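Biologist: Hi, I'm new to this one. Could you walk me through it?

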Amino acid sequence: MSESGGVREVKSAARTVELLELLAARGDRPARLQELADELDVPRSSMYALLQTLISRGWVRTDVTGSLYGIGIHALLTGTSYLDSDPRVRTVRPYLDEASEALGETIHLGRLDGRDVAYLATRESHEYLRTISRVGRRLPAHVGALGKALLAERPDGDLPEGPYEAMTPNTRTTRESLAADLTRIRARGYSIDREEGVTGIVGFGFALRYDAPAQDAISCSVPVARLTPAHEERIVAVMREIRAKIESVVPSGGGSVDWR
């Protein structure tokens, strides 16, 4: 049993969180009881009892046959509460609007979460609309502009050993290649994702340095077909200005509560 801050982990609570994270990661692929029991190495009877408890509370849903399980609506309600209660997200949102209006492209706010970046807010381009919103979703930090901007704020010694997951043929999958790119990002002051996360999309990421090291970043995504040298230059200029505005109004430490 693991410990955190000298307090022993509660096994039942840890199992519940692991189950919810597993169901959330599966997205639109519901799971069967045996799959979940095997994945988490839990007896089938214990898994069934846990699922029924979570179904009754709205954290897990099941189909009409009672044989398929997915994440429940209370996960959405809790996630929305997180976004609504975060003072930084509230402060940054108007600046995402400003960047979107100035550039006509998709603008993101993301936060580093372990080895991933979680999307906290998005302003979609009217020229390129995704069928699924990225808000609340995660992307490995090594593949996108947001994540690379944040990794560049940290020493290369923090990078995990490779190989890394490849999202496209352009993804940097070795520690050496990623570290070399992070060196260029530090010198440049912002990250560039040239079809490393999504084929056909280039991203420009800017760490928000009201934390040290930065936890949040903003980015601009644009289809390759629309990215001319002049447009790229304008994107960088506008996003640098937006970053400066955000950093000037967001207090270091995030306000009255210093969340861990």
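Modeller: Here is a quick tour, starting with confidence and moving on to helices and sheets. This is a predicted model, where local features need pLDDT of at least 70 and side-chain atom pairs count only at pLDDT 80 or more, while totals for chains, interfaces and linings use all residues. Residues are numbered from 1 along each chain as its sequence is written, and side-chain values use heavy atoms, with hydrogens and water left out.

Biologist: What pLDDT does the chain average?

Modeller: The average is 88, and 91% of the residues score at least 70. pLDDT is the predictor's confidence in each residue, from 0 to 100.

Biologist: And where is confidence lowest and highest?

Modeller: Strand β1 (residues 3-4) is lowest, at a mean of 54, and strand β10 (residues 201-208) is highest, at 97. Strands (E, at least two residues) and helices (H or I, at least four) are DSSP runs, numbered from the N terminus.

Biologist: Okay, helices. At what angle do α2 and α3 pack?

Modeller: Helix α2 (residues 33-40) and helix α3 (residues 44-57) pack at about 110°, with axes 9 Å apart. Axes are lines fitted to C-alpha atoms, for helices over the stretch in contact, and angles run from 0 to 180 degrees between N-to-C directions. α2 and α3 are therefore roughly perpendicular, a label for angles of 65 to 115 degrees.

Biologist: Which residues meet there?

Modeller: L33, Q34, L36, A37 and L40 in α2 meet R44, M47, Y48 and L51 in α3; contact means heavy atoms within 4.5 Å.

Biologist: What about α1 and α3, how do their axes cross?

Modeller: The axes of helix α1 (residues 11-26) and α3 come within 11 Å and cross at roughly 75°. That makes α1 roughly perpendicular to α3. On the α1 side, R15, T16, L19 and L20 meet S46, M47, L50, L51 and L54 of α3.

Biologist: Switching to sheets: what is the order in the six-stranded one?

Modeller: That open sheet runs β8-β7-β6-β11-β10-β9, with antiparallel pairing. Two strands pair if DSSP finds at least two bridges between them.

Biologist: Why is one side of β8 and of β9 left without a neighbour?

Modeller: β8 (138-140) and β9 (191-194) stand at the edges, so each has a single partner strand. The twist averages 30° from one strand to the next.

Biologist: How many bridges join β6 and β7?

Modeller: Seven, linking strand β6 (residues 106-113) to strand β7 (residues 116-123) in the antiparallel sense. Y119 in β7 is the bridge partner of G110.

Conventions. Angles under 35 degrees count as roughly parallel, over 145 as roughly antiparallel, 65 to 115 as roughly perpendicular and the rest as oblique.
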